[in-house]
Amino acid sequence: MTMDTDSRKKLKRFWQKRLLFGLGTVGFLGLGVGTIGLMRSTYDELQIIEGRDVPERFYQEQIAQAQTLIDRQPKLLQTTRPEYEIVQVRGLFSSYTKPVSPCVSIKVLGQLKDPNAIPLLGKLLQDSQTRAQSCDGNFLANDAIHMDAAHALGQFQRDDALAYLKTALITVPKPAISALWKQNSSHIAITQKLAVLRELGQLSQYDEDWRNKVIQILPELNQYRSRGANTPNGIVSEDARIVLSKLLHNRKNSPQLNKALIALFQDEAVEDCVLEQIAQILSSEPQYLSLVDILYIKSAKANRTSLLSYFGYVNTDIDNTVDRTVDPQVSDSLFDLVQDKKVPDQKVWTLFYRYFVLKQYGKLAKPLSDAARVAGKLALARDIHREYGNYQNVINSNRKRENSAQNTYPLLDVFTRAGSELNSTGSSNDNSSFPTISSEIKAAITKLQELNTSRATQDTWLKAGNAAIPALKSALQYPVLRTAEDIQRSEVGGYLTEYWSIPCAAAVGLIDLNNTDGIQPCIVSLKNVAATQYATEEQRQPIYKGYGGGNYQMIEGEEDKEYRFSALDVAVFHWSHMPKWVEDRQILNRLLVVLLKDSNVEIRRAAMFSLSRSSSMTDEQISSVFSALKDSDAIVREYAVRYHRGRINSDESVAKNGVGYSWPAQAVMVLNQAVQDTDPRVRQAAKSVLSNVSHDSNQSFLLNSLYDRMPQIRANSVNSLCRFGEMMLPALVQSNQQESNANVRMAVMNCLKSWVKDREVNDQQIAPALILSLNRIPLLEPKKYANPILETLEILVDRGQLNLDKTQARQAIPTLLKINQDWRGDWNIDRIKAIRLLKVMYEKVPVNKTKEESTYLFLNLQGGLLAGISVSTLILLLSSLRLRNPFPLIWTGYLIFPEEIVAELMALKQRRQAEKVAPQRIRFELAYEVLLLFWAVHVQIRLDNLHLPPGGNDRAK
Amino acid sequence: MPKRETDDELETVRLSAIDEDILTVLLGREFYGLEILDELNPGRPIQLRFSSLYPALNRLEKKGMVSWRWGDAIDESGGARRKYYKVTGLGATTLRSIQTYRMSLAQRAVYQSI
């Protein structure tokens, strides 16, 4: 068979048909995909239409369920059931709750906040009371329904709900309840009453009646314990705490309330845990501070030990209390307390110490001291008198300086004598014996430590001048602790602390005089003791994993000496290996500042690392850290950057350490320079630190960091910007729109939530931003991400600030429907929120019957179209498959190549077959040749022919 | 590129390395495509394919360096015939002149180095 003109035509026709069918099939498939996309959006539309009754249906189900289950509730029987059980599933799923009680339905009614539920809830409340009254006030029956109905009613900020609650409160038969309280299981009835009180207190319209009612029952607070809390130190129930907070918060001090509270604190039957709760609430309200003082004194007289220790931590902030006016009643009570022989001195002393910083108490110190002396409490009198001196130092720093300077000169004599003693006893490094330390030197060391840490240190030493240097150098003659044996011997002799103290305290003194001669013996001792302590630890864990980017861990058995030395340096200056007094007195910090200038890079690294872990801040330290930011070593620079972590935001820390208020701005400036550092670790550290700084000077960095490459930096920046308040709203909303990371979006949502929760933020952008994030909840852990969004939306709904247009509301509905559908199996608060929001969203989307009908019609049309497309595609596909090529495949080459090429390809194929090459390989080789030849024949040769002479071997043709 | 100063007709003729190789193979012989590749490829650093051969043959044909004739049809190919190529007189002359030029170039280099 040869390829003649007819065959060529047939072949051409075959390929034309096949191409046509192929194109037709692909076209129809594309059309089908498009139609499916259209159908999907129409289906979503349909879901929105059909989901309109979901909230109502859910609500009706809950009402029916509540009604049915309540009717089945046994009368006069205590309902013993957990409200709902928590099922913990480890792994992918977090905990979820399952409904197991009818009361859950009641709670759901409250959560839905549908006003239609109010009459039902009111009826439930009244029914349960009626039942109780008919049973001689036996509230044990249906207590849970009563309580839950009250809770549910409390969700409504409406007059009718308030009226039901008020009625419930008034109709509680007090004699019956009082009688019940005397019984062992009476806490249930009290809990009921608290529930009602709590819900009334939650409402903004609660009135004096409510307040008086609470005051009346204050003495009964001792009974307000959580269920099952039978131990003496049981926890006051959440309801009681809320009731008390509402009672005391933002209220003017009334004699009636004061009287009731004082009576409560004097009542021996009232437990300390209850009073602690009250004290905590009172202490947070400035108007009650005097009352707190009185209550404290009453507690002291009543010998309430645990309460006293609790009070010791309340309001000791000097800045807030130093100028406080003291109630005369309080000072009178204090005098009583000082003279009361029953009250131990220690408790009086604790009380006085708490107040000694007050100016008024300072004035009282002398008469109080005299009163104590008269009462025979001589030790107390002395302590008060002594502390009065300290009080004066607090308020008069100049006097403190004078005192320090005066104290310095005798010390110098002591140290000079100590040095000469040592010289007379022989070598300081004699291993066989250590010199005994006299009590005089011990006292001198203690004083020296105090001086070293006072703000006036430098002045003090400068006043002593060069005269101090020989004395301090004498102190340095004390034995240097070089070996573990040295340390053990000094430890056994009880002199370890002193041996530390002498060289180091003297070294710091010398540093103040710009003399660093003494630092070496101190460092040697510090290193050896720290290394010994490290070696004697039970488990030799790596000392610090992060040092040097995690590359400098201490590993047991490490051969590299230099490596071990680096790790040891870290160990030496690591806080956990430092003696207590070094940490407390900040002496180490002084040393570290000097070491930051050391020529050895390992020492500088260790010093900077240790400083970065220190909590203290001084001007000297800060200036050294700024210099360290320009260090030649990247690790030193990195830790200099890390030093700033958590410090810049803390105004309290800045003020406490006496650092200038311009420091935060300066720190932000130098850290911004570090962001441009040549080393990536330094840059990263600087970004990380700055992203957590909420200082005004850092705003521009934070705004830029919203678009940083690292999600963590973006999330930190969001949190930091959040602290600036609503002025950052536009920036956060804009970045949220482009944000790809779910955690960063959640940070934005949590920020919005915090703003909205704390105060009314009526911004048009908030609700749309929330809806946008709601529609982008990740599949993994959807509840975690949905919660803040749903909560914030709910707050906006409650305040009537949900600023959404029809389109935006429509966008939210599919996601809310999905949440409702996905979380159907579990009873959880999120689903109820979703249902409630769904209802609100539907209210914003008006019903358009014509459009709904056309949607159905459109869907049907689309369905028909899709069916038609499917059939057509199938027919085309089958037709295409049925087409048979009448010639061998290789003949197709005639349509695209000259004859000789077809012949060559055929020859090539035959040769390969003769060589027994695998058919697959032959096909691949031929396909490759065909592709290259297609290019050569149809492109390259045609291009060549453009500049070649025409003609050729025409005769041969 | 060789340049003959004495012959104006050949002054414009330019040959690539592949063209030269093909002319060398076909000098005094007659081959079809696959055979030319068989002759050229053994020992060649970069193997030639049909896609390089046919454009080169087209160039040589257009320049009058090679001529061809139809051969017999190949089995199972629907009557497709091979083309057998051979060098024309012009092709042989051009090739020889290039080879002579190269030889003289090599000799000059040898004398200068001595």
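**Note on side-chain contacts in a two-chain predicted model**

1. Helix H44 (residues 849-882) of chain A gives the largest share of the nonpolar patch, 3 residues. The model is predicted. The patch covers about 410 Å² of surface and is made by Leu38(A), Leu857(A), Phe858(A) and Leu861(A). Leu38(A) is found in helix H1 (residues 5-50) of chain A. Leu38(A) counts as partly exposed because its relative accessibility is 44%, between the 20% and 50% limits.

2. Salt bridges come next. Over all chains, the structure holds 25 of them. One joins the side chains of Arg836(A) and Glu794(A), at 3.0 Å from N to O. This pair links distant parts of the chain, 42 residues apart. Arg836(A) sits in helix H43 (residues 829-844) of chain A, and Glu794(A) in helix H41 (residues 782-799) of chain A. Are these two residues buried or exposed? Arg836(A) is buried, at 11% relative accessibility. Glu794(A) is buried too, with a relative accessible area of 10%. Both values fall under the 20% cut-off.

3. Lys753(A), Glu791(A) and Lys833(A) are also worth a look. Salt bridges link these residues in a network.

4. Now the pairs between chains. Glu900(A) and Lys83(B) meet through their side chains in a salt bridge, 3.1 Å from N to O. Glu900(A) lies in helix H45 (residues 899-914) of chain A and Lys83(B) in strand S2 (residues 81-87) of chain B, so this pair joins two chains. Glu900(A) and Lys83(B) are both buried.

5. Arg49(B) and Glu929(A) form a salt bridge as well, with the closest N and O atoms 2.4 Å apart. This pair also crosses between chains. Arg49(B) is in the loop between helix H2 (33-40) and helix H3 (50-62) of chain B, while Glu929(A) is in helix H46 (residues 919-947) of chain A. How do the two ends compare in burial? Arg49(B) is partly exposed, with a relative accessible area of 30%. Glu929(A) is buried, at 4%.

6. Two charges sit over rings in chain B. Lys83(B) has its charged end over the ring of Trp68(B), 4.1 Å from the centre. Arg69(B) lies over the face of Tyr84(B), at 4.7 Å from the ring centre.

7. On to ring pairs. The structure holds 7 aromatic pairs over all chains. One of them is Phe14(A) with Trp15(A), which is edge-to-face: 5.0 Å centre to centre and 75° between the planes. Phe14(A) is buried, with a relative accessible area of 6%. Trp15(A) is partly exposed, at 26%.

8. Why is the pair of Phe609(A) and Tyr639(A) edge-to-face? The ring centres are 5.5 Å apart and the planes stand at 80°, over the 60 degrees that this class needs. Phe609(A) lies in helix H30 (residues 601-613) of chain A and Tyr639(A) in helix H32 (residues 634-642) of chain A, so the pair ties together parts that are 30 residues apart in sequence. Both residues are buried.

9. Ring pairs also link Phe887(A), Trp891(A) and Tyr894(A) into a cluster.

10. Last, Ser624(A). Its place is in helix H31 (residues 619-628) of chain A. Ser624(A) counts as buried because its relative accessibility is 7%. Leaving aside neighbours within four places in sequence, Ser624(A) is in contact with Val593(A) and Leu596(A).

Notes
Residues numbered from 1 in each chain as written. Chains lettered and ligands numbered in written order. Predicted model: local features only at pLDDT ≥ 70, side-chain atom pairs only at ≥ 80, totals over all residues. Heavy atoms only, no water. Helix = DSSP H or I, 4+ residues; strand = E, 2+ residues; numbered from the N terminus. Buried < 20%, exposed > 50% of the residue type's maximum accessible area, 1.4 Å probe, protein only. Contact = heavy atoms within 4.5 Å. Patch = residues over 30% accessible without salt bridge, like charges linked within 9 Å, V, L, I, M, F, W, Y side chains within 5 Å. Areas by Shrake-Rupley, 256 points an atom, 1.4 Å probe, with all protein chains shown as cover. Salt bridge = Lys/Arg side-chain N within 4 Å of Asp/Glu carboxyl O. Phe/Tyr/Trp six-rings, centres within 6.5 Å; stacked < 30°, edge-to-face > 60°. Lys NZ or Arg CZ within 6 Å of the ring centre and 35° of its normal.
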